[in-house]
Amino acid sequence: MGSGKTSWSIQHINRNPFGNFLYITPFLSEVKRIADNTGRDFKQPTNKGEGKLGSINELLACQYDIASTHSLFKKFDEESRQNIKNGHYTLILDEVLNVIEPYNVQKDDVPLLMDSVCITIDEDGFVVWNKDKANYDTKYNEIKILAGSRSLVCINQTLLLWHYPPNVFTLFKQIYILTYLFESSILKNYFDLYKIEYEKKSICAENGKYHISDFYIPDTKVYLNLMNIYDGNLNSNIKQKRTGLSSSWFDKKVNIPEIQQMKKNLNNYFRNILKAKTATIMWTTFINYEMKLRGKGYSKKFTTEQLESIENAYGFLPCNSRSTNKYGNCFNLAYCLNVYLHPSVSQFFKQKGIAIDEDLYALSEMIQWIWRSRIRNGESINIYIPSIRMRTLLNSWLNMGLEYQNLNYQNNKVS
């Protein structure tokens, strides 16, 4: 984080006047940054009443340089894919794309659709909609559409996963993915599964210029003196095992007293231990439990639209946030959760013979969140991490204690 990935992108685009660029980023503010800081006429898709897909398809067909968001990229259809192929595009993907996600259905929806022979499951686990019932107009129309584009996977006859078509990544002239700890990502395992080749590189800065170098492991010990990780009684007054503070832990009624205690701890940490001013606070937990932990002085919550229009933010920041720099003034932090992959996602890969490193995944998610704060500017922060597991992972990372030899870091090229 903070190595200059976006700055390198701007420089790279400006140095390559030929060819077409598609820049995809999580936030609209970053879309504007690319448009404002490159010497090329980047277009942004607009909503013409039925979303932005039609607009970006028109822009792709005309072979414009385009800057857009992850959410729109994930909606690309067959027309989008054909236009990308014809346009000889280079893709710059700011942060890894969530290529496999749980698709929310009711418990009985999948068995009902199977019993009514609306869907079948093929040998690779993909949902197939019965052609004889293609004209059915039901509340499951979206499932019908996604099944038609081979975008839904079934797990254990009840769970559905949204699955990004891997052939999209074969359509570009070149692809650059800007991220840290790629080894921890779902996208890395997805590439391995579908035998999509990639090379790992690093970005270096010299005299204000950026260049790609051979991959190296950064020295994380330099952050030891910048992170004041709370180590006191607030860590021990919440009863928990290693899996404590996970989403399933929050769901259990037996842990309601511990959740209430955590709210008291947050209040104590911010107001009494740190005596923190509201505008310096940044904290998170699972979005469904934010209301149960919020308190006086740290309850502020911004919508995505609000974040786009303000200079500085503080208070609650969703745990899966990426790319935003709006919290760059915050230095009093609390990370109140324990991250695990959704069971259906890990099970999908397990069935394919791929085991994802859950600890590395959790560490990456936490570090990405922490780097929204002022530490990205080389300034110190305070942080309260009540989860035993998450606190241990962060301390291990700071002391270069990760088992890098098990993460294929020695192999620069993977196929």
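**Close-up views of a predicted model**

View 1. N395 counts as partly exposed, with a relative accessibility of 32% (buried is under 20% relative accessible area, exposed over 50%, and partly exposed in between, with a 1.4 Å probe and protein chains only). The model is predicted: local features need pLDDT of at least 70 and side-chain atom pairs count only at pLDDT 80 or more, whereas totals for chains, interfaces and linings use all residues. Residues are numbered from 1 along each chain as its sequence is written, and side-chain values use heavy atoms, with hydrogens and water left out. N395 belongs to helix α15, residues 388-398 (helices, H or I of at least four residues, and strands, E of at least two, are DSSP runs numbered from the N terminus). The C-alpha atom of N395 is separated by 8.7 Å from that of L224, although the two residues are 171 places apart along the chain.

**View 2. Salt bridges of R150 with D122 and D124.** R150 and D122 form a salt bridge in which the closest N and O atoms are 2.8 Å apart (a side-chain nitrogen of Lys or Arg within 4 Å of a carboxyl oxygen of Asp or Glu). This pair links distant parts of the chain, 28 residues apart: R150 is in the loop between α7 (141-148) and β7 (152-155), and D122 is in the loop between β5 (119-121) and β6 (127-129). D124 also forms a salt bridge with R150, at 3.4 Å between the closest N and O atoms. Because D124 lies in the loop between β5 and β6 while R150 lies in the loop between α7 and β7, this pair ties together parts 26 residues apart in sequence.

**View 3. The salt bridge between K301 and E290.** The side chains of K301 and E290 meet at 3.6 Å, N to O. The partners are eleven residues apart, with K301 in the loop between α11 (290-293) and α12 (304-309) and E290 in helix α11 itself. K301 is partly exposed at 37% relative accessibility, whereas E290 is buried at 2%.

**View 4. The second largest pocket.** This pocket holds about 1200 Å³ of space. A pocket is an open set of points on a 1 Å grid over the protein atoms alone, where a 1.4 Å probe fits, with protein on both sides within 12 Å along at least five of seven lines; lining residues have an atom within 4 Å of a point. Its lining comprises 40 residues, and I177, T179, K200, K201 and S202 are the closest to its centre. Elements giving two or more residues to the lining are α1 (5-15), β9 (174-178), β10 (198-199) and β11 (201-206).

**View 5. T179 and its contacts.** T179 lies in the loop between β9 and α8 (186-193). Its side chain makes a polar contact of 3.1 Å with the side chain of E95 (a pair of N or O atoms within 3.5 Å; within protein, one must be able to donate a hydrogen and the other to accept it, and residues adjacent in sequence count only if both atoms are side-chain atoms). Neighbours within four places in sequence aside, T179 is in contact with K5, E95, V96 and Q368 (heavy atoms within 4.5 Å).

Key. Points joined across faces, edges and corners; volume = space filled by probe spheres on them.
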